[in-house]
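Keep the viewer open and follow along, topic by topic.

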Amino acid sequence: KQWYQRRVRERRKHPNILITGTPGTGKTKLATRLAELTKMKHINVGSVAAENECYDGYDENLDCKVLDEDKILNCIESDMQKGNNIVDYHGSDFFDEDWFDIVFCLRAEIEVLNKRLEERGYNDNKVKNNLESEIFQVLLEEARESYDPDIVHELTSNTEPDVEANLQRITTWIRSWHSDNDTDVDR
């Protein structure tokens, strides 16, 4: 299986990146800015779900729609096979393992995250659920269990300087990926 996954990734001329983490850690902000810097395509899974009605019910407890993962996968599969994508979503375990060359899991301090979630207007149960997810590193562990742990990286995302440092780290990785794969960043 590893051989097949490596061959799929080797055929792409550009990498695919997954940015994951608890809601409120700054995934969309980082992915948007990274896409602007690199000219890669930003795929916000929440937006894809809304545009294509990729839902399978409603969770009253968390006050949110339930994602239809199969529909999402069908919507983005063609783009993922081509490469040059930055995917932004809090979950990571339902994507095809061979789609991503690297996974970044954003983390935030609980006080910072709590403020961000409250500013979004999340109900108390949803805030509590997301804070517990962050405390217990649920999404980081999900990423580590879903992908080769060597490609999963934890990034702190509390402040604007953190965002800038993360942008620098990821753009450096992208340049290195192109160099290692003998492809041109500008192609």
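The count of salt bridges comes to 11 in this predicted model. A salt bridge here needs a side-chain nitrogen of Lys or Arg within 4 Å of a carboxyl oxygen of Asp or Glu.

**Salt bridge between D101 and R12**
- The side chains of D101 and R12 form a salt bridge, with N to O at 2.7 Å.
- D101 sits in the loop between β5 (85-88) and β6 (102-107), while R12 sits in the loop between α1 (2-11) and β1 (16-21), so this pair ties together parts that are 89 residues apart in sequence.
- Are these two residues buried or exposed? Both D101 and R12 are buried.

- R107 and E134 meet through their side chains in a salt bridge of 2.8 Å, N to O.
- Because R107 belongs to strand β6 and E134 to helix α6, the pair ties together parts that are 27 residues apart in sequence.
- R107 and E134 are both buried.
- E154 and R144 also meet in a salt bridge, at 3.8 Å from N to O.
- Here strand β7 (residues 152-156) supplies E154 and helix α7 supplies R144, so the pair ties together parts that are 10 residues apart in sequence.
- E154 counts as partly exposed because its relative accessibility is 40%, which lies between the cut-offs of 20% for buried and 50% for exposed.
- R144 is partly exposed too, with 33% relative accessibility.
- Which residues does the salt-bridge network link? R107, E134, E141, R144 and E154 are linked in it.

**Helix α6**
- α6 has 12 residues, and the distance from its first C-alpha to its last is 16 Å, close to the 16 Å expected at 1.5 Å a residue.
- The buried residues in α6 are K126, V127, N130, L131, S133 and E134.
- Looking down the axis of α6, you will find its buried residues within an arc of 155 degrees, so they line one face of the helix.
- E134, one of these buried residues, is the salt-bridge partner of R107.

**The β3 and β4 hairpin**
- Strand β3 (residues 55-59) and strand β4 (residues 64-67) run antiparallel and are joined by 3 bridges.
- To find one of the pairings, look for D59, whose bridge partner in β4 is C64.
- The hairpin of β3 and β4 has 4 residues between the strands, and D63 takes a positive phi near 55 degrees there.

**A nonpolar surface patch, and a buried contrast**
- I135, F136 and V138 make a nonpolar surface patch of about 310 Å².
- F136 is found in the loop between α6 (124-135) and α7 (138-146).
- Why does F136 count as exposed? Its relative accessible area is 61%, and exposed means over 50%.
- For contrast, go to M80 in helix α4 (residues 69-82).
- M80 counts as buried because its relative accessibility is 0%, and buried means under 20%.
- From C-alpha to C-alpha, M80 and F136 are 30 Å apart in space, and they are 56 residues apart in sequence.

Methods: Residues are numbered from 1 along each chain as its sequence is written. This is a predicted model: local features need pLDDT of at least 70, side-chain atom pairs count only at pLDDT 80 or more; totals for chains, interfaces and linings use all residues. Side-chain values use heavy atoms; hydrogens and water are left out. Patches are made of residues with over 30% relative accessible area and no salt bridge: like charges are joined within 9 Å, nonpolar side chains (Val, Leu, Ile, Met, Phe, Trp, Tyr) within 5 Å. Accessible areas come from the Shrake-Rupley method with a 1.4 Å probe; for residues, only the protein chains shown count as cover. Helices (H or I, at least four residues) and strands (E, at least two) are DSSP runs, numbered from the N terminus. Buried means under 20% relative accessible area, exposed over 50%, partly exposed in between (1.4 Å probe, protein chains only). Two strands pair if DSSP finds at least two bridges between them. The expected span of a helix is 1.5 Å times one less than its number of residues. The arc is that of the directions from the helix axis to the C-beta atoms.
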